[in-house]
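User: Got a model open here. Can you walk me through it?

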Amino acid sequence: MSTSVGTSGQAGETTQPCPQCGAGIRVDGRFTTWCAGCDWNVDPERPGEEPGRLERRRRRLARRHGERLAAEVAAGETLRPRRDAAGLAAYLIALTVHGVTVALAVGAMWFLVTGWGGAGMVLGLVLAVLTWTLRPRFSELPDDQPLLTRTDAPALFALIDEIAVVAGTRGVDTVAISTELNASVTTYGIRGRRLLTIGMPLWEILTPQERIALLGHELGHYSNGDTRHGLIIGNALRSLSTWRYYVAPTPNPTLVEAFVNLVFFLPRALLQGLLMLLDRLTLRATQRAEYLADSMAARAGSTDAAASVMNRFLVLDSAETMLRRETNAQQVSRRGTADRQPWQGLWERLGAHMDSVPQSEYERQRRAAILRGHSVDTTHPPTHLRHQCLLAVPPLPATVTTDGDTESRIATELTAPATTTAQRIVKHGLGR
């Protein structure tokens, strides 16, 4: 139990001596207690290594490539989208994977036609089912999220179009509003229409200029050569993962299953090797794409705003905890009042909570990120390196700004989806 030796200037805070170096440290029950002087308890919940050989390798490659690209920026090199030998090799491997799928489809048709009514028909059906699971997928519009078109939100789409010009691309066709603390872009349908997904909880805790930087980052992905999530390579990775699932070893096998595991050893090793190779060939380009997207964020919203968005991502766990408390409170009470439903005022409460996060928590998360080599996932460079690269070049002013009238019109356009999203979070939680 800690011993309080004084009171800080903020309500709910106390001070105590650091058990490691004896320096006075502030204690806020909402956040981890740590010492800025000696880093005692700076990362008490440091995550363990990701399970799986491929995942571990991805983490190592992500950090290695991130550090190399950061060093290039620090040395004054300007990162640009580019096609190289690694990218060409990745496309050739991906096309080969798809060629196997096409061959299976042709084989399925041949056996179904020539073996109709006989044993060949069974093999044809098996191949047809296998081909169906390996087929390239075209993303579709989500059916569980509010969707906005240009007619629904002209002010928002006008802002997106203005930012897209700065990013060297075009705007999007649809905007989806999700309950996630994130934002993303993708394509959908055979024609490759563009979808921007905005997580309302994230949108609500950003300033107008930070929102511009966020949109600049996401739209930058359309123009910076990020191939890993494209139709050809992305679907090849999915097909290889499906193959690997089919030949995965059976745990605690019987004698027969052990024999099958042995038979599939070489195919399994080949698939694992192809996945690792595609990872290696595409990861550097994907990391470069993240740095380039960060530069688009700075160009659109300013370097300060882009760096501020990254800082916000460091403390998203706090926002998630607050929103989960709201969900839990609703599950306990399961009722509102005559004049107020539980989701009303959710965004104001979230904003107030995030405004109350002390700078010491930002600093703790920043130091913990350096210890972890923190990244959003295995395809992103470590967050602290992205922040470092932003600040390694001369700061950029904002190219896109908004006035009070524009912000008010966008807020009005988002009122209905924001209400729907708040209701879903309170009733069902995040990510639903």
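Analyst: One term to begin with: buried means under 20% relative accessible area, exposed over 50%, and partly exposed in between, with a 1.4 Å probe and protein chains only. This is a predicted model, where local features need pLDDT of at least 70, side-chain atom pairs count only at pLDDT 80 or more, and totals for chains, interfaces and linings use all residues. Residues are numbered from 1 along each chain as its sequence is written, and side-chain values use heavy atoms, leaving out hydrogens and water.

User: Is glutamine 423 buried, exposed or partly exposed, and why?
Analyst: Partly exposed, because its relative accessibility is 25%.

User: Where is glutamine 423 found?
Analyst: In helix H16, residues 415–428. Helices here are DSSP runs of H or I, at least four residues, numbered from the N terminus.

User: How far is glutamine 423 from threonine 327?
Analyst: 9.7 Å in space, C-alpha to C-alpha, and 96 residues in sequence.

User: New topic. At what angle do H10 and H14 pack?
Analyst: About 165°, with axes 10 Å apart. Axes are lines fitted to C-alpha atoms over the stretch in contact, and angles run from 0 to 180 degrees between N-to-C directions. H10 and H14 are therefore roughly antiparallel, a label for angles over 145 degrees.

User: And the nonpolar cores? Which residues have the most contacts inside the largest one?
Analyst: Leu156 and Val175, in a core of 61 residues. A nonpolar core is a set of buried Ala, Val, Leu, Ile, Met, Phe, Trp, Tyr and Cys residues joined through side-chain atoms within 4.5 Å. Helix H4 (residues 154–167) gives the largest share of this core, nine residues.

Key. Helices (H or I, at least four residues) and strands (E, at least two) are DSSP runs, numbered from the N terminus. Angles under 35 degrees count as roughly parallel, over 145 as roughly antiparallel, 65 to 115 as roughly perpendicular and the rest as oblique.
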